[in-house]
Amino acid sequence: MSTAESAVALQAAAMLSKEELLRDYRLGWESRQASLTGRKEVFMGKAKFGIFGDGKELPQLAMARAFQAGDFRAGYYRDQTFMLAIGELTLQQYFAQLYAHPDVDAEPATAGRAMNGHFATRSLDEDGQFKNLADIKNSSADISPTGGQMPRLVGLAYASKLYRQNPELHQFTQFSRNGNEVAFGTIGNASTSEGMFFEAINAAGVLQIPMLVSVWDDHYGISVPAEYQTTKQNISEILKGFQREGEGQDGFEIFVVKGWDYTGLVDTYQRAAEVCRREHVPVLVHVTEVTQPQGHSTSGSHERYKSKDRLTWEQEYDCLRQMRQWLLQDGHATEAELDQIEAEAKEEVRKARAAAWDAFFSPIKQERDECVALLEALATETGRQNELHELIHQLQHNPTPIRADLVRSARRALRLVRDVKRSSARGELRRWHEQAVAENADRYNSHLYSQSEESALQVEEIKAEFAPDAPQVDGREVLQACFDAMFSRDPRVFAIGEDVGRIGDVNQAFAGLQEKYGELRITDTGIRECTIVGQGIGAAMRGLRPITEIQYLDYLLYAIQILSDDVACLQYRTKGGQKAPLIVRTRGHRLEGIWHSGSPIQMILGSVRGMHLCVPRDMTQAAGMYNTLLKSDEPAIVIECLNGYRLKERIPSNVGEFTVPLGVAEVLREGTDITIVTYGSMCRIVLDAAKQLEQVGISAEVIDAQTLLPFDREALILDSIKKTSRVLFADEDVPGGGSAYMMQQVLDEQGAYRYLDSQPRCLAAQAHRPPYGSDGDYFSKPNAEDVFDAVYELMQETDPKRFPSIY
């Protein structure tokens with residue numbers, strides 16, 4: 001920063017008018033009163049839990065003054081003052097979230113799906129399309145896991161670097177104005193102990209991106225003081241090695257400022273944001289001596305673990321008290337003026353709380369009255385007053401019913417009159433119940449996946465076409481041709497990961513593409529799976545189309561938490577307000593050794609609902625899935641077959657255009673005696689076993705599931721079982737993993753149990769990871785002989801004479 005710019009920044013607080021100073025004071029007190037009132041609402045039973053931003057008001061007011069249109073926030077659950085100050089949260093919305101109001105209009109951040117303090121702006125319009133993000137102030141959707149906002153923050157800032165440095169992206173003014181946007185992150189001091197924090201800080205320093213991280217340091221992490229949290233009890237002290245040596249040098253700028261010093265805070269944030277925005281230098285602002293007047297949350301009192309001296313100090317250095325003293329001492333306001341502001345703030349919060357409660361509770365009371373009227377009519381018409389009296393009485397006299405109470409009462413009432421043959425009142429109650437279930441499904445269960453026209457399930461299928469003379473090439477070359485077409489077609493597409501750049505990934509699917517499209521498009525990263533994925537999440541939220549590579553499926557464990565807690569539930573937790581169409585590319589299943597032949601499908605299936613999970617059998621199918629995903633607005637994981645890159649395939653003549661529909665299984669071999677369902681590398685093994693079975697007179701139909709999320713949307717497997725009456729599910733996961741999931745989907749969801757003449761079977765790998773070497777693979781994972789024997793045993797039970805025992 002130049003001397004002149006520094007002088008301007010240093011005068012920032014001094015240049016504020018009295019009106020602006022008192023506006024901040026008012027906002028600070030409104031936020032404080034909201035915290036105090038929110039705690040009371042929890043203790044009165046009107047909310048389930050409360051966690052508040054009291055004590056952090058002044059730092060957040062100062063940060064808000066440096067926050068501009070187009071900027072993004074990735075923070076944590078104490079940033080209410082900041083959100084109020086940038087105009088993206090009202091007091092009524094604040095209380096609506098505390099009450100879990102399931103209406104987007106009342107609670108636009110999460111529609112009541114996240115507990116209070118989880119903030120988000122709506123990046124999408126009603127059709128699920130991006131708004132003009134460059135013209136609005138943006139907050140990415142918060143998550144509860146502390147430190148979990150940091151990986152995404154890297155991506156939000158990285159997008160600015162791409163938008164600035166890649167001329168092909170300058171056309172996308174809806175998302176960026178020449179990369180001038182800063183990504184503001186906030187985190188508590190205790191959470192800086194998380195590995196994700198250090199990984200993100202290092203990544204930002206390497207990338208040199210406009211990421212401004214504020215650490216709210218109140219000395220505690222719930223009850224655990226800083227001496228148990230941080231070396232030297234000081235995060236900025238131990239990060240001094242990241243401080244850049246001068247302008248133009250790589251590294252961080254680090255600022256330290258006290259949380260009760262209003263003028264110091266305003267000046268610091270102006271300086272920090274200026275260097276971050278102009279030079280794309282990452283910045284750490286360590287805000288020290290912050291207080292937390294009400295303790296961590298409504299779960300307990302901080303008086304249990306703070307000393308009397310600490311509590312006395314916190315009372316004296318409460319930031320709002322310190323600001324009041326400064327305003328009086330410097331003659332910016334009189335005591336009467338400040339007293340009036342504080343009284344008006346309290347009244348504003350009271351009115352907002354009342355309005356929020358009325359907006360939340362009035363519709364429920366109306367629904368309760370409707371339900372009670374229907375129950376009374378049912379009791380009168382059926383003569384079941386005695387049986388239904390207690391249900392009606394409880395519902396009528398419940399002062400604060402919730403919708404679960406209403407539906408529960410209706411269900412129990414219908415159960416009590418189940419023997420009544422004809423009753424118009426029963427029919428009315430059934431219709432009310434059906435409507436209530438549907439409405440509550442929208443309130444609480446919708447938007448796990450995209451509901452827009454760009455849903456992956458709406459992408460039109462385009463068949464792969466092959467020239468008559470199409471040569472047989474290595475599978476990796478099919479992917480290489482697909483990626484080449486992809487990068488040529490859309491400048492928003494980029495790929496990052498370990499070794500993807502210079503050498504074109506360890507399996508050469510990106511070979512030569514960095515040289516052709518440049519380092520900004522195909523980029524090497526350090527070994528940091530969590531922030532590789534986070535880099536993609538944040539960039540995808542800003543309109544880009546990242547492909548983030550996890551080199552081996554086994555190492556997805558490093559990233560699974562952030563995939564599960566952030567991107568997988570993003571559309572759900574914002575009820576369609578935000579999206580991040582990230583593609584995670586990885587490879588797994590069979591190769592060699594404990595850490596390079598994983599197929600932990602059960603873990604993935606249980607963690608990433610909200611993402612699609614693609615398990616292609618070869619690179620041609622993988623290419624078609626990538627094409628599908630890039631036409632959609634949804635995130636996905638694509639697991640390529642690790643042992644398939646050197647196997648021969650033909651390149652489709654339309655390699656950049658053909659699509660593979662998600663959730664559509666494929667019959668690889670027709671048969672009449674048994675259906676075998678599998679995916680990925682097991683397809684080749686099962687097809688080999690099917691040939692062997694044919695030699696002993698057993699006709700096996702082999703089906704490739706292709707994707708596990710979604711799974712067989714057209715019930716192709718059910719149709720096959722209707723023909724064969726037997727089924728075997730086979731994969732490489734542990735017992736009770738992927739094969740058991742497929743069985744549940746087919747027998748339970750599709751109802752295929754009705755058509756079985758034999759016990760359904762699962763064939764999985766051993767419960768341990770596979771040892772090194774070919775023998776380790778053979779004796780740990782299902783092989784063709786295992787498939788043969790499993791099928792043969794089923795057929796032997798049916799016809800022991802035709803199929804006598806082998807062993």
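Predicted model: local features only at pLDDT ≥ 70, side-chain atom pairs only at ≥ 80, totals over all residues.
Of the area that domain 1 buries against domain 3, 17% is supplied by Arg113, Tyr158 and Glu199, more than by any other three residues. The contact involves 47 residues of domain 1 and 35 residues of domain 3. The C-alpha centres of these two domains are 32 Å apart. In the domain assignment, domain 1 spans residues 3–333 and domain 3 spans residues 472–650; the other two are domain 2 (354–445) and domain 4 (667–798).

Helix H6 (149–165) and helix H7 (195–207) are the elements that give two or more residues to the side of domain 1 that touches domain 3. H6 provides the largest share of that side, 11 residues. Three salt bridges are found across the interface of domain 1 and domain 3. A salt bridge is also formed by Glu181 with Arg542, where the closest N and O atoms are 2.9 Å apart.

Strands of a sheet pair through backbone hydrogen bonds, in either a parallel or an antiparallel arrangement. Strand S1 (residues 72–74) runs parallel to S2, and two bridges join these strands. Opposite Arg73 stands Ser139 in S2.

Helix H11 comprises residues 319–329, and its buried residues are Cys319, Leu320, Gln322, Met323, Arg324, Trp326 and Leu327. Residues three or four places apart in an α-helix point the same way, because there are 3.6 residues a turn. The cover over the buried residues of H11 includes helix H2 (18–43), helix H3 (57–66) and helix H9 (262–279). Helix H10 (308–316) and helix H12 (335–382) are also included in this cover. At the N-terminal end, H11 is capped by Asp318, with a side-chain oxygen 2.9 Å from the backbone nitrogen of Leu320. After H11 comes Gly331, which has a positive phi near 75 degrees.

Definitions and conventions:
Residues numbered from 1 in each chain as written. Heavy atoms only, no water. Buried < 20%, exposed > 50% of the residue type's maximum accessible area, 1.4 Å probe, protein only. Helix = DSSP H or I, 4+ residues; strand = E, 2+ residues; numbered from the N terminus. Contact = heavy atoms within 4.5 Å. Polar contact = N/O pair within 3.5 Å; in protein donor to acceptor, adjacent residues only side chain to side chain. Pairing = 2+ DSSP bridges. Domains from an automatic or database assignment. Buried area = accessible area lost by both parts, 1.4 Å probe. Salt bridge = Lys/Arg side-chain N within 4 Å of Asp/Glu carboxyl O.
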